[in-house]
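Here is a short report on one protein chain. Look over the sequence and the model first, then read on.

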Amino acid sequence: MRGLIAAGWELDTQGYSHADLITLSPQQLHYEVVVARGVLQRRYGVSVNWFCYPSGHYDATVISAVKEAGYKGSTTVVPGWAHRHDDSYTLARLRVLGGTSPTQLLAQIASVRTDPAPPPEYSGG
């Protein structure tokens, strides 16, 4: 981790256990969102500014917890290209898997930029 950070990589979190956040008690949600961030910031001496909802599951309570914890925003599993005007706590993202070549990544970026937005009822997955 320290090598990646030294090379300029950003460190962010999905919480400790990749739990389904909408099913947690307030204390468990606090642990996954707030405590996980604090541990990473102390351990690695960097800001942890972004959250990613595990398995794309979130609701108003989870979004509120993420905001209150001080994150700048969060990503969903909705495939797509995030735009400047989008809600920073429900951003679409590109999912890049291990083994993706630079050429494949460029093709993925090009295709997503022209895709229509997902329907509002998209639930991830």
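Is Phe51 buried or exposed? Phe51 counts as buried, because its relative accessibility is 1%. Here buried means under 20% relative accessible area, exposed means over 50%, and partly exposed lies in between (1.4 Å probe, protein chains only).

This is a predicted model, where local features need pLDDT of at least 70, side-chain atom pairs count only at pLDDT 80 or more, and totals for chains, interfaces and linings use all residues. Residues are numbered from 1 along each chain as its sequence is written, and side-chain values use heavy atoms, with hydrogens and water left out.

## Aromatic pairs

Rings of Phe, Tyr and Trp (its six-membered ring) pair if their centres lie within 6.5 Å. Planes under 30 degrees apart count as stacked, over 60 as edge-to-face, and the rest as tilted. By this rule there are four aromatic pairs. Tyr16 and Tyr31 are stacked, because their ring centres are 4.6 Å apart and their planes meet at 20°. Tyr16 lies in the loop between α1 (2-6) and α2 (26-44), and Tyr31 lies in helix α2, so the pair ties together parts that are 15 residues apart in sequence. Helices (H or I, at least four residues) and strands (E, at least two) are DSSP runs, numbered from the N terminus. Tyr16 is partly exposed, at 38% relative accessibility. Tyr31 is partly exposed too, at 40%.

Phe51 and Tyr71 form an edge-to-face pair, with 5.3 Å between centres and 70° between planes. Phe51 is in strand β1 (residues 50-52). Tyr71 is in the loop between α3 (60-68) and β2 (73-79). The two are 20 residues apart, and their pair links distant parts of the chain. Tyr71 is buried, with a relative accessible area of 2%. Ring pairs link Phe51, Tyr53, Tyr58 and Tyr71 into a cluster.

The charged end of Arg37 sits over the ring of Tyr71, 4.8 Å from its centre. To count, CZ of Arg or NZ of Lys must be within 6 Å of the ring centre and within 35 degrees of the ring normal.

## Helix α3

Which residues of α3 are buried? They are Val62, Ile63, Ala65 and Val66. These cover an arc of only 160° around the axis, so they sit on the same side of α3. The arc is that of the directions from the helix axis to the C-beta atoms. An α-helix has 3.6 residues a turn, so residues three or four places apart point the same way. The face turned away from the buried side of α3 carries the exposed residues Ala60, Thr61 and Glu68.

What covers the buried residues of α3 includes α2, β1 and β2. At the start of α3, a side-chain oxygen of Asp59 reaches to within 3.1 Å of the backbone nitrogen of Thr61. Just after α3, Gly70 takes a positive phi of about 95°.

## Strand β2

β1 and β2 pair in the parallel sense over three bridges. Two strands pair if DSSP finds at least two bridges between them. The bridge partner of Cys52 in β2 is Thr75. Six of the seven residues of β2 are buried.

Ser74 is found in β2. Ser74 is buried, with a relative accessible area of 0%. A polar contact of 2.5 Å joins the side chains of Ser74 and Tyr53. A polar contact is a pair of N or O atoms within 3.5 Å; within protein, one must be able to donate a hydrogen and the other to accept it, and residues adjacent in sequence count only if both atoms are side-chain atoms.

Technical notes
Contact = heavy atoms within 4.5 Å.
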